[in-house]
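Morning, everyone. Please bring up the model on your screens, and I'll walk you through it.

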Amino acid sequence: MDDALGLFYNGYQPNGEKANYHNFYPSSGIGIINYNLSKKDFQLNLYDFYQDKVMNTIWAQVAYNPAGFNFGVQYVYQTPFAYNEDLNYRNRYVQPGENGQVLSSQLGWDQAGFKLAFAYTHAFDTGRFLFPKELGRDRFYTSISRSRLEEMGDVDVFVLKTEYRLPGDDFNIGIEMQQVRGAKVDDFEFNKYNVDESFQVNSHLNYQAKGFFEGLSFDILWVYRRNQNHTDAESIFNRSNFNQLNFVTNFSF
């Protein structure tokens, strides 16, 4: 675990210093406790992520799915461990006193293969929401491909998404539109990777083969992303103001 944390770009500390925390956490690993409750149209999921020597993350999710509709709420709270205080400021993954908090919600409608949903997420100003990129990505209602909430605090994210499955269940097409508001360049207290407010559109097409080729699937994803305030090279290089086309083939057996 100590070799994994910090393999990717470490970003900045809240005071603007460049972070350097790779190989500074002799962690024994991660422990996860999960509790699920399901009754008719109601679902409750509770998770406790224990990241040794780094922090603890509590994740609660409630979903209510009456016929044709779905409503969900997620709440996350993070607490750093005392080991962080023993490290130099720039070598900490999370600072003492940083408590990442996130509230995410979604309201959706589903009828005859057509889905429509609006999602909203708020990251509070109690600290940055942090989750190691090396271990995966966040799964909030506003999470979409090529976009992360991880690294930020004091921001709002809005997503409108629609999806349609053609008769026969072979083709699935969808569009997601995302707006990130509140991210301020050079405000490192809540912006670990110094990103700008952004607008993003994802369009995807999925085909599931049948018959002799059952298990074979094809995915096409087109991503358009643009900064809202800063378009200098440093602000957009490898992160924004691009069109990206992805083609993926999978075979499940």
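This is a predicted model: local features need pLDDT of at least 70, side-chain atom pairs count only at pLDDT 80 or more; totals for chains, interfaces and linings use all residues.

Numbering runs from 1 along each chain as its sequence is written, and side-chain values use heavy atoms, with hydrogens and water left out.

The core, then. A nonpolar core here is a set of buried Ala, Val, Leu, Ile, Met, Phe, Trp, Tyr and Cys residues joined through side-chain atoms within 4.5 Å. Buried means under 20% relative accessible area, exposed over 50%, partly exposed in between, with a 1.4 Å probe and protein chains only. The largest such core has 27 residues. Y93 and L149 have the most contacts inside it. Strands β3 (55–64), β6 (114–123) and β7 (155–165) each supply at least two of its residues. β7 gives the most, with three.

Next, Q101. Strand β5 (residues 101–111) holds it; strands are DSSP runs of E, at least two residues, numbered from the N terminus. Is Q101 buried or exposed? Q101 is buried, at 16% relative accessible area. Its side chain makes polar contacts, meaning N or O pairs within 3.5 Å, one able to donate a hydrogen and the other to accept it; residues adjacent in sequence count only if both atoms are side-chain atoms. One joins the Y75 side chain at 2.5 Å. Another reaches the T126 side chain at 3.3 Å.

Last, L7. L7 sits before β1 (30–39). L7 is exposed, at 54%.

Definitions and conventions
Helices (H or I, at least four residues) and strands (E, at least two) are DSSP runs, numbered from the N terminus.
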